[in-house]
Amino acid sequence: MSGFISFKQRMVFFLSEIVKVPLLHARWLNTLSFLENCGARKIAACEHPLLVKEEILKHAAEEFRHAHYLKKQIVRVESVPMESYDIVYLLGGMATYHYLSLLDLRVSSYLKRLYLEKSKIKEISYLLVTYAIECRAEELYPIYDQILRMSKSRVAVKSILLEEKEHLEEMKRGIDRIEGGWDLAKEVCSLESCLCEK
């Protein structure tokens, strides 16, 4: 289809326009910070109270660090403080607020329809949701990084990009261990894609 514009093309246009306007760029950084923070809190909520794997601790810590790092970058583009994740300081409105929660809910519902054991749903849901989010990050952060460098912005996201790649590889290894894991991952990425579009 000649009239079809890919997600990547739309993001290039969207982010190129955003970095030109300091207040929008600041809200974009705050939005990314909010999403990284949400992800970190969701990872922490998945932990067993006693049987905590090192990779989960590391992943949650890195996501919290990303949220903090992005929040600190705001002053590089805008002097207006954005001390909270109030909706006026985010892009995407209510869809942003509910993005990860809705994805969690939809994935859990999908897995329940497959009659998986309740104890397995939480673990598999964590892997699949995180995989979908890391796939999105792998697509989004390089675009943003390139636009930042082209516009000679004082903001940098290269360190986040490298850690997100590592997280994605961890999730791939986890999905390899699930029976039919890649069919499930494909379905979950489709669910995430619908929410991302909003």
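Glu166 sits in helix H6, which spans residues 158–176; helices here are DSSP runs of H or I with at least four residues, numbered from the N terminus. At 37% relative accessibility, Glu166 counts as partly exposed, where buried means under 20% relative accessible area, exposed over 50%, and partly exposed in between (1.4 Å probe, protein chains only). Glu166 and Ser125 are 41 residues apart along the chain, and their C-alpha atoms are separated by 19 Å. The model is predicted, so local features need pLDDT of at least 70 and side-chain atom pairs count only at pLDDT 80 or more, while totals for chains, interfaces and linings use all residues. Residues are numbered from 1 along each chain as its sequence is written, and side-chain values use heavy atoms, with hydrogens and water left out.

Helix H1 covers residues 7–18, twelve in number. From first C-alpha to last, H1 reaches 16 Å, close to the 16 Å expected at 1.5 Å a residue; the expected span is 1.5 Å times one less than the number of residues. Phe7, Met11, Leu15 and Ile18 are buried in H1. Viewed down the axis of H1, its buried residues fall within an arc of 55 degrees, so they line one face of the helix; the arc is that of the directions from the helix axis to the C-beta atoms.

Turning to the aromatic side chains, rings of Phe, Tyr and Trp (its six-membered ring) pair if their centres lie within 6.5 Å, with planes under 30 degrees apart counted as stacked, over 60 as edge-to-face and the rest as tilted. The count comes to five aromatic pairs. In one of them, the ring centres of Phe14 and Trp28 are 5.8 Å apart and the planes stand at 85 degrees, so the pair is edge-to-face. Phe14 lies in helix H1 and Trp28 in helix H2, so this pair ties together parts that are 14 residues apart in sequence. Phe14 is partly exposed at 36% relative accessible area, whereas Trp28 is buried at 7%. The rings of Phe34 and Tyr97 have centres 5.4 Å apart and planes at 75 degrees, so they too are edge-to-face. Here the pair links distant parts of the chain, with Phe34 in helix H2 and Tyr97 in helix H4 (residues 93–113), 63 residues apart. Phe34 is buried, with a relative accessible area of 7%, and Tyr97 is partly exposed at 26%.

Methods. Helix = DSSP H or I, 4+ residues; strand = E, 2+ residues; numbered from the N terminus.
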